[in-house]
Amino acid sequence: MADSDLIDDRFWVQVQNVLGQRVAIPTADNGALVQNFVENMMGSNDLISLRTRERSARPFILVDGIRREAESRFLAQERVLQDKVTQTEASLRALQGQGGENQNPGSAPVLTKEQQAQIDKFRRDLVETRTNLRQVQASLVRDVNNLGTLLAFLNIALVPVLVAAAAIGLAVLRNRRRVRARGL
C-alpha cells in the first residue's frame, strides 16, 4: 500500500467550523482506503465483499444536449445583440466627438439638431438592445429551469403514477378473470 496523503489529516480531510462544531469533510476518501486495507489484512471474504464502491457521476446525456442546444441558440442571439450594442456605442461616441470640431478646447460641444436627434436615437437603440439582451439571458435561465422542473416531475411524479396505473390495470384484469372463472 502506498498513499502519501494519508500521513496527515490536512492532506485528505478539510475541517470546517459549523455552528461551533468541527466537521471533517473528506476530500480524498482515504477513510475507505484505510477500511479496505484493514479488511484485506484481516482476510475475511465477507468484509471484502462489502467494500465501498467508486463514486460515479452519470451525466444526463440527453439533458446536456438539450441544454447545450438552448445555450448555443441563446448565445448566438446574445452575440448579435452584443455586437449591436458595441456598434451603437461606437456610433454614439463618434457622433458626440463630431460636435466639438469648431469649438475652443475645453468648451462644451455644440451639436446640430440632426446630430442631437441621431444621438437620442442611438441612446434609445442602446437601451432597447440591452433590454433585449437581458431578456435573452433570462430566457436561457428560464429554459434551463423549465427543463429541470420537467425532469423533476418525470422522476418524482410520473413514474409513481405509471406504477399505480399498472397496479390498477392488473387489479382490474385479475378481477375480470375471477368473474369469468365464477361464471363458467
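Two strands count as paired here if DSSP finds at least two bridges between them.

Before going on, a word on what you're looking at. This is a predicted model, in which local features need pLDDT of at least 70 and side-chain atom pairs count only at pLDDT 80 or more, while totals for chains, interfaces and linings use all residues. Residues are numbered from 1 along each chain as its sequence is written, and side-chain values use heavy atoms, with hydrogens and water left out.

Back to the hairpin. Q16 has V23 of β2 as its bridge partner, and V18 stands opposite Q21 in β2. Two residues sit between the strands, and L19 takes a positive phi near 55 degrees. Strand β2 is hardly covered: of its six residues, the count that is buried is zero. Buried here means under 20% relative accessible area, exposed means over 50%, and partly exposed is in between (1.4 Å probe, protein chains only).

Now zoom out. The chain has five helices and two strands, and reading along the sequence gives α-β-β-α-α-α-α. Of its 184 residues, 14% count as buried. The chain exposes about 14,900 Å², with carbon and sulfur atoms supplying 57% of that; these accessible areas come from the Shrake-Rupley method with a 1.4 Å probe, and for residues only the protein chains shown count as cover.

Next, follow helix α5 (residues 113–183). The expected span of a helix is 1.5 Å times one less than its number of residues, so the 71 residues of α5 should span 105 Å, and the 97 Å between its end C-alpha atoms agrees with that. The helix does bend, by about 35 degrees at L154; the bend is the angle between axes fitted to the seven residues ending there and the seven starting there.

Which residues of α5 are buried? Among them are I119, F122, L126, T129, L133, V136 and L140. An α-helix has 3.6 residues a turn, so residues three or four places apart point the same way.

L147 also lies in this helix, and it is buried because its relative accessible area is 16%. Leaving aside neighbours within four places in sequence, L147 is in contact (heavy atoms within 4.5 Å) with V63 and I66. L147 and I66 are 81 residues apart in sequence, yet 8.6 Å apart in space, C-alpha to C-alpha.

Finally, a search of the whole structure finds one salt bridge, meaning a side-chain nitrogen of Lys or Arg within 4 Å of a carboxyl oxygen of Asp or Glu. It joins the side chains of D125 and K121 at 3.0 Å, N to O. Both lie in α5, four residues apart, about one turn of the helix. K121 counts as partly exposed because its relative accessibility is 36%.
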